Amino acid sequence: KWKGEGTTLNLESIVVGRCYDYIRIVNPAVGEKNCLEIWEAFKNAFIGKDPCSVLPKDYELFINLSFHTIPPNKSLFWENNRLLVNSFADRGHRYMSLADTLFGYVTDFLNWCGQANSTGLDYESCPTTEECENNPVESFWRMASITYAQHSSGVIHVLLNGSADGGAYPVPGFFADYEIPNLQRGKVSEIVIWVVDDIEGPD
Amino acid sequence: MPFQQGSARTRQRTVLLVGIAVLLAALVLAVVLASILTRREQEDGPKMLKWKDRGTTKNLQEVILGRCYNYVMARYPELRDKDCLKIWDSLKHAFIYKNPCNITSEDYQPLMELASHPIPCNKSLFWSKTNDLVHRYTKSNQNFLTLEDTLLGYMADRVSWCGDPSAPGINYESCPKRSECESNPGSVFWKMASKMFAEAACGVVQVMLNGSVEAGAFGSSSIFGSIEIFNLNPDKVSEVHIWLMHDIGGPQSESCLGHSIKRLKSILEARNFKITCEDNYR
């Protein structure tokens, strides 16, 4: 029916498990969180709805429940170099990228959508952003990116790919459309841009 | 004056009486509460054993299940037949309600069978004293697998667990250190998992050792030195490649020509493996 992959199998167990993994092992400094409540809030953002009508603000409760402060000078934004960012940030030890926050950690690499008039998840297919913008996954990352940018402070870093087709700074893009506009002038002191080329890639 | 004193005294007396009544009531309440609480404690039975290491990870079940599904669904879909609920159950029954100093390999046998999976040849990467570096390497180079990149190792990494004979059977406060007793749930688990990981290896295997360690890159008391090298199967494994790494800016305590490396080579050669060694493999 839709062109994109369906919901990840065992989504609930993975999200809840990752939530506890994060608060108990990855970053216990964030304190106690109610992972079951967090899952419910996440699910209710898109369950029972037409998967083309999910808005970023539908995830507001989820963000409120899973939110924690981002240490100053640790924000790392990026475009087109997901694997490099993952290993460079080192799970928050060096930097805390969006995927190293609780709200990004629980859903990274996962896929999900519901269907109108049904309490179930759609495991067959989900809409791509080309098919419709207001789909559950796209709206989630927009909301998460906005939140991440709004709460970043101090010196912030952005890692761009100098070997990418179309240039290192993609427009449109998450960084351009949802992160830059939400950086807080009073909180951010400096922006450091790193342009990195693929090993043996074009310059 | 005397009339006023009289009424003041009556008021004082009333206040005193009320005060005493309140105190008595509080005393009675305290006694009742104390007896209820101590009775509850007695009903709980004997307290749990106390140990020196950190206790079972809270929400162990959710963490293990989530990791199992995450590994199978998101990382290795070819393992889709793995039953994560059964796997969690078999882990739980390996230690729940048991004295954590009496754990045996039989306790873990069902878990090992359910969670083990074949490892492609030439991809096994062993390690000793290079925890950080070796795992950063396998995260970016998926051509190699450490034990912690297999389902068993992935689920158990950085997590701890132990049981206790008294309810609820899991000790979240503390667990035994190896120095307190060797047959504790964590040590027995990792010994068994390491043995199986070595047995499953085939083709060319790699090992990343630390040449900046004073005591020597290869130690016979390490898991690698005491279990893994002795469980490599000479009928399946042809060669062992040693990668001897030095800390950046750290001492070069040992190179491929070093003492402990020579010892490792002789042990492996005696078991008919070809050996190569490279300083600071890239």
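B:Trp243 stands opposite B:Glu278 in strand β6 of chain B. The model is predicted: local features need pLDDT of at least 70, side-chain atom pairs count only at pLDDT 80 or more, and totals for chains, interfaces and linings use all residues. Residues are numbered from 1 along each chain as its sequence is written, chains are lettered from A in the order in which they are written, and side-chain values use heavy atoms, with hydrogens and water left out.

**Strands of chain B**

- β5(B) and β6(B), residues 274–279, pair in the parallel sense over 6 bridges; two strands count as paired if DSSP finds at least two bridges between them.
- Right-handed means that, with the strands pointing away from the viewer, the path from the first strand over the helix to the second runs clockwise.
- Strand β4 (residues 203–210) of chain B is joined to β5(B), residues 237–245, by 8 bridges, and the two run parallel.
- Within that pairing, B:Val207 stands opposite B:Ile242.
- Helix α8 (residues 223–231) of chain B carries the chain from β4(B) to β5(B), and this β-α-β crossover is right-handed.
- Helices (H or I, at least four residues) and strands (E, at least two) are DSSP runs, numbered from the N terminus.

**Sheet of chain A**

- Chain A has an open sheet of 4 strands in the order β3-β2-β5-β6, with parallel pairing.
- Its edge strands are β3 and β6 (188–196), each of which pairs on one side only.
- Strand β2 (residues 75–79) of chain A is mostly covered, with 4 of its 5 residues buried; buried means under 20% relative accessible area, exposed over 50%, and partly exposed in between (1.4 Å probe, protein chains only).
- On one pairing, β2(A) is joined to β3(A), residues 96–97, by 2 bridges in parallel, and A:Leu76 stands opposite A:Ser97.
- In β5(A), A:His157 is the bridge partner of A:Leu76, and A:Leu160 stands opposite A:Glu79.

**A:Ile47 in a loop of chain A**

- A:Ile47 lies in the loop between α2 (35–44) and α3 (60–66) of chain A.
- A:Ile47 is buried because its relative accessible area is 17%.
- Beyond its neighbours within four places in sequence, A:Ile47 is in contact (heavy atoms within 4.5 Å) with A:Ser118, A:Thr119, A:Gly120 and A:Leu121.
- A:Ile47 and A:Pro136 are 89 residues apart in sequence and 9.3 Å apart in space, C-alpha to C-alpha.

**Cavity in chain B**

- A search of the whole structure finds 1 cavity of 30 Å³ or more. A cavity is a set of points, on a 1 Å grid over the protein atoms alone, where a 1.4 Å probe fits but cannot get out; lining residues have an atom within 4 Å of a point.
- The largest cavity has a volume of about 50 Å³, a volume being the space filled by probe spheres set on the points.
- Residues lining the largest cavity include B:Ile64, B:Trp88, B:Leu111, B:Met155, B:Trp161 and B:Phe189.
- Helices α3 (84–95) and α6 (151–156) of chain B are the elements that give two or more residues to this lining.
- The lining comprises 10 nonpolar residues, with no polar and no charged ones; Ala, Val, Leu, Ile, Met, Phe, Trp, Tyr, Cys and Pro count as nonpolar, Asp, Glu, Lys and Arg as charged, and the others, Gly among them, as polar.

How values were computed:
1 Å grid on protein atoms, 1.4 Å probe; cavity = no way out; pocket = protein on both sides within 12 Å on 5 of 7 lines; lining within 4 Å.
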